Amino acid sequence: MKKEISSFDMLLTQELTNLERFIVKSPLGTNEFWSEWQAKTGEIVITKAAIKRALRTHKGQLSEEEITKLSSMLEAFREIASYLELLRQTALKIRGIDAGDWDILGGIEGESEGEDDLPF
């Protein structure tokens, strides 16, 4: 008997596939790790900026569904940023460096300005 895949299972599989690209696969602390970490960090910072710009530029033109989707994407990127920060701290500790927390998504000067105006 073949079990049908639910729409929820399909949605979850799609979300996992979309987010898998952010997994850092290189060994911690290697040059390859830092290159991969930097590329993934750059991608989420740039994507966050694009989403925020779209929300500001098209304010009043987006449907509630579109706003919810973009807000959900930002939340996912915050979680990915936490993952990348944990990896950064762990890689530095392996080298004997005790680094403080760094807010990957809030670390751009002026980036938080006006964030309270966004609909999320």
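The following exercises with worked solutions concern a predicted model.

Local features require pLDDT of at least 70 and side-chain atom pairs count only at pLDDT 80 or more, while totals for chains, interfaces and linings use all residues. Residues are numbered from 1 along each chain as its sequence is written, and side-chain values use heavy atoms, with hydrogens and water left out.

**Exercise 1. Helix α2**

Task: Compare the span of α2 with the expected value, and state which helix its buried residues pack against.

Solution. 
1. Helix α2 covers residues 31-57; helices are DSSP runs of H or I with at least four residues, numbered from the N terminus.
2. From first C-alpha to last, the 27 residues of α2 reach 38 Å, close to the 39 Å expected at 1.5 Å a residue. The expected span is 1.5 Å times one less than the number of residues.
3. The buried residues of α2 include Phe-33, Trp-37, Ile-44, Ile-51 and Leu-55, where buried means under 20% relative accessible area, exposed over 50% and partly exposed in between (1.4 Å probe, protein chains only).
4. These buried residues of α2 pack against α3, contact being heavy atoms within 4.5 Å.

**Exercise 2. The aromatic cluster**

Task: Determine the geometry of the pairs Phe-33 with Trp-34 and Trp-34 with Trp-37.

Solution. 
1. A pair of aromatic rings is described by the distance of the centres and the angle of the planes.
2. Rings of Phe, Tyr and Trp (its six-membered ring) pair if their centres lie within 6.5 Å; planes under 30 degrees apart are stacked, over 60 edge-to-face, and the rest tilted.
3. The structure holds three such pairs. The ring centres of Phe-33 and Trp-34 are 4.9 Å apart and the planes stand at 75 degrees, so this pair is edge-to-face.
4. Trp-34 and Trp-37 are also edge-to-face, with 5.8 Å centre to centre and 75 degrees between the planes.
5. Phe-33, Trp-34 and Trp-37 form one aromatic cluster. Beyond its neighbours within four places in sequence, Trp-37 is in contact with Val-24, Leu-84, Leu-87, Arg-88, Trp-102 and Ile-104.

**Exercise 3. Salt bridges**

Task: Contrast the placement and exposure of the salt bridges Glu-43 with Arg-21 and Lys-40 with Glu-36.

Solution. 
1. A salt bridge is a side-chain nitrogen of Lys or Arg within 4 Å of a carboxyl oxygen of Asp or Glu; the structure holds four.
2. Glu-43 and Arg-21 meet at 2.7 Å, N to O. This pair links distant parts of the chain, 22 residues apart: Glu-43 is in α2, and Arg-21 is in the loop between α1 (7-19) and α2.
3. Glu-43 is partly exposed because its relative accessible area is 30%, and Arg-21, at 40%, is likewise partly exposed.
4. Lys-40 and Glu-36 meet at 3.9 Å, N to O. Both lie in α2, four residues apart, about one turn of the helix, and both are buried.

Notes
Helices (H or I, at least four residues) and strands (E, at least two) are DSSP runs, numbered from the N terminus.
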